[in-house]
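Please find below a colleague's note on the model under review. The structure is shown first, and the numbered points come after it.

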Amino acid sequence: QVQLVESGGGLVQAGGSLRLSCAASGRAFSSYSMGWFRQAPGKEREFVAAINRSGGNTYYADSVKGRFTISRDNAKSMVYLQMNSLKPEDTAIYYCAADPDLGVVAGKVPSLNMDSWGKGTLVTVSL
């Protein structure tokens, strides 16, 4: 199992940007598709973005398309989420996730069996 640690969360004003990072260890990073999920106050966890093993294919929730960009650096065992034009509704705890199945990290199938989850990093977007 791969261990995941998120960083980069914080408080930002609407319209601003943040870059989240997820550091992976414990297993070959390239064997996992990677994803980002978020959970806003009072809501269930939702899919945000995903990227396949090579980084050649990315997927996004409709709510973040055009604003967020997921990327990965397999040499560094890192995955990133660049968040631009942030909105108050983006406020949530953001979780990094890993699974061999791209469909799982892309939110296409239930994520109950996600191989690995990070502990999350809080993003707060103010007006």
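1. Basis. This is a predicted model, in which local features need pLDDT of at least 70 and side-chain atom pairs count only at pLDDT 80 or more, whereas totals for chains, interfaces and linings use all residues. Residues are numbered from 1 along each chain as its sequence is written, and side-chain values use heavy atoms, with hydrogens and water left out.

2. Disulfide. The structure holds one disulfide (a pair of cysteine sulfur atoms within 2.5 Å). The bond joins cysteine 22 to cysteine 96, with an S to S distance of 2.1 Å. The link is left-handed, at -85 degrees about the S-S bond. Cysteine 22 lies in strand 3 (residues 18–25) and cysteine 96 in strand 9, so the pair ties together parts that are 74 residues apart in sequence. Helices (H or I, at least four residues) and strands (E, at least two) are DSSP runs, numbered from the N terminus.

3. Burial of the cysteines. Cysteine 22 is buried, at a relative accessible area of 1%, and cysteine 96 is buried at 0%. Here buried means under 20% relative accessible area, exposed over 50%, and partly exposed in between (1.4 Å probe, protein chains only).

4. Beyond its neighbours within four places in sequence, leucine 81 is in contact (heavy atoms within 4.5 Å) with residues including Leu20, Trp36, Val48, Phe68 and Tyr94.

5. Strand 11. Strand 2 (residues 10–13) pairs with strand 11 in the parallel sense over four bridges (DSSP must find at least two for a pair), and leucine 11 stands opposite threonine 124. Strand 9 and strand 11 run antiparallel, joined by three bridges, with isoleucine 93 opposite leucine 122.

6. Backbone angles. Most residues other than glycine have a negative phi. Serine 77, in the loop between strand 7 (68–73) and strand 8 (78–83), has a positive phi near 55 degrees. Serine 85 has a positive phi near 50 degrees and is partly exposed, at 39% relative accessibility.
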